[in-house]
Amino acid sequence: EKGGYPHFMLKEIYEQPKALKDTLSPRINENNEIILDDIKLTKEDLEKINKVVIVACGTAYHAGLVGRYAIEKFARIPVEVDVASEFRYRDPFVDDKTLFIAVSQSGETADTLAALREAKEKGARIMAVTNVVGSRISREADDVFYTWAGPEIAVASTKAYTTQLMAMYLIALNMGIKKGTVTKEKYDEVLTELKALPEKVETLLENIENIQKLADQQFHNENVFYIGRGIDDHVGREGSLKLKEISYIHSEAIAAGELKHGTIALIEEGTLVVALATHDYLYDKMLSNMKEVKARGAYVIGVAQEGNQEIEKSADAVIYIPNTMDELSPILSVIPLQLFAYYIAVARGADVDKPKNLAKSVTVE
Ligand code: M6R
């Protein structure tokens, strides 16, 4: 049932090109239009919406952070993102002009469901992004986007996350074209690149020796930091969570610009720092953050788009991802982080698919 792979997690990492294709292809027609069958939100409905609230837990929350970026960028609607277990307790501003998006692989997470009900009660329009047809969250929503990732067995979420990202981009682009906030030219450009991503993930997955080697060198660390700016920061959080949950190494992800406001105090000789620098417009700022930690003795693994060799001066090792539009880099940059966490957990002899203290679906609040 593991299809020849030693763990479900590795199998699911390798299923990502197919999962991404399955999530994208059925939604694009021959005229390059995005067709979202289970989303009834019309242009008129959309005109009424003055705010989007995305709520989720864990990995799905990290997908929500990228969702905020995509919706604000392409649809120009202000977006808030909250962890589901916090959302209800701050008397949130939600009304009938709010679009509430619940992101949940299982569609059964108790906190996410409770937040959804709260938003519904306040009159919000409810959209679900979920991987399970007929799940509770899908049934209680007005609109549903199904990620077609297929069953995810490993507790650590991988293919659900990348397909959630795909969902967020498609939802954002679809809103943008309906609202007229994205030009046809930009829309076509993004869609063309989204279609190219499954193959780029495939390429990444064919060249993993470097990542495996780094994991074998670094698995003794007891403290790892992930830094990035913008959506790189959001991906860093996901990489950090992956590492924590399956390898039991303490890890923290922070926005790179925040380093000097506290966390840099923890950097010493040999501290491992994974630095994501996949964006042109933040590249120089990231390089200087990397130099700051390197100067204090950190071992820095950089993640950058191919061709950006400049990073080698600020890092001890570099993982390159295929070139893509800055906006879409999370779908590629998370792959090496998933693999890095996986190989570290394997090197430490951990039970990768069933980490201690964790359940696949958290159905209690
Ligand atoms: O099924 P859901 O997407 O609602 O689950 C949310 C989290 O429990 C889940 O993403 C969790 O953080 C994973 N173990 C992360 O790998």
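The following legends describe close-up views of a predicted model.

**Figure 1**
The ligand is surrounded by 14 residues, and the closest are Ser104, Gln105, Ser106, Thr109 and Glu245. Where does the ligand lie among the pockets of the protein? The space that the ligand takes is the largest pocket. Two elements, helix α4 (58-75) and helix α11 (231-247), each give two or more residues to the shell around the ligand.

Which side chains have an N or O atom at 2.6 Å, 2.7 Å and 3.0 Å from an oxygen atom of the ligand? In serine 104, a side-chain N or O atom is 2.6 Å from an oxygen atom of the ligand. For serine 106, the corresponding distance from a side-chain N or O atom to an oxygen atom of the ligand is 2.7 Å. For lysine 242, the distance from a side-chain N or O atom to an oxygen atom of the ligand is 3.0 Å. On its own, the ligand has 410 Å² of accessible area, and the protein covers 91% of this area.

**Figure 1. Salt bridge between arginine 117 and glutamate 140.**
Side chains of opposite charge can pair when their charged atoms come close. A search of the whole structure finds 25 salt bridges, and one of them is shown here, with the closest N and O atoms of arginine 117 and glutamate 140 at 2.6 Å from each other.

**Figure 2. Salt bridge between lysine 184 and aspartate 188.**
The closest N and O atoms of lysine 184 and aspartate 188 are 2.8 Å apart. Both residues lie in helix α9 (residues 184-206), and because they are 4 residues apart there, about one helical turn separates them.

**Figure 3. Salt bridge between lysine 313 and glutamate 310.**
In this pair, the closest N and O atoms are 3.5 Å apart. Lysine 313 has a relative accessibility of 62% and so counts as exposed. Glutamate 310, with a relative accessible area of 43%, is partly exposed.

**Figure 4. Network of salt bridges.**
Which residues are linked in this network? Salt bridges link Lys51, Glu80, Asp82 and Arg90.

**Figure 5. Serine 157 and its contact with glutamate 152.**
Serine 157 is located in the loop between strand β5 (143-146) and helix α8 (159-179). The relative accessible area of serine 157 is 9%, which means that this residue is buried. The side chains of serine 157 and glutamate 152 are joined by a polar contact of 3.1 Å.

**Figure 6. Asparagine 32 and tyrosine 248, two residues with a positive phi.**
Asparagine 32 is not a glycine, yet its phi is positive, at about 65 degrees. This asparagine is found in the loop between helices α2 (16-24) and α3 (43-48). Asparagine 32 is buried, as its relative accessible area is 16%. Tyrosine 248, although not a glycine, likewise has a positive phi of about 65 degrees. Tyrosine 248 is part of the loop between helix α11 and strand β7 (250-255). With a relative accessibility of 33%, tyrosine 248 counts as partly exposed.

**Figure 7. Separation in sequence and in space.**
Phenylalanine 8 is placed in helix α1 (residues 8-14). With a relative accessible area of 13%, phenylalanine 8 is buried. How many residues separate phenylalanine 8 and valine 352 in sequence, and what is their C-alpha distance? They are 344 residues apart in sequence, while their C-alpha atoms are 8.5 Å apart in space. Arginine 88 is in the loop between helix α5 (84-87) and strand β3 (98-104). A relative accessible area of 21% makes arginine 88 partly exposed. Arginine 88 and glutamate 310 are 222 residues apart in sequence, and from C-alpha to C-alpha they are 45 Å apart.

How values were computed:
Residues are numbered from 1 along each chain as its sequence is written. This is a predicted model: local features need pLDDT of at least 70, side-chain atom pairs count only at pLDDT 80 or more; totals for chains, interfaces and linings use all residues. Side-chain values use heavy atoms; hydrogens and water are left out. A salt bridge is a side-chain nitrogen of Lys or Arg within 4 Å of a carboxyl oxygen of Asp or Glu. Buried means under 20% relative accessible area, exposed over 50%, partly exposed in between (1.4 Å probe, protein chains only). A residue is near a molecule or strand if one of its heavy atoms lies within 4 Å of it. A polar contact is a pair of N or O atoms within 3.5 Å; within protein, one must be able to donate a hydrogen and the other to accept it, and residues adjacent in sequence count only if both atoms are side-chain atoms. Accessible areas come from the Shrake-Rupley method with a 1.4 Å probe; for residues, only the protein chains shown count as cover. On a 1 Å grid over the protein atoms alone, a cavity is a set of points where a 1.4 Å probe fits but cannot get out, and a pocket is an open set with protein on both sides within 12 Å along at least five of seven lines; lining residues have an atom within 4 Å of a point. A molecule sits in a cavity or pocket if more than half of its atoms lie within 2 Å of its grid points.
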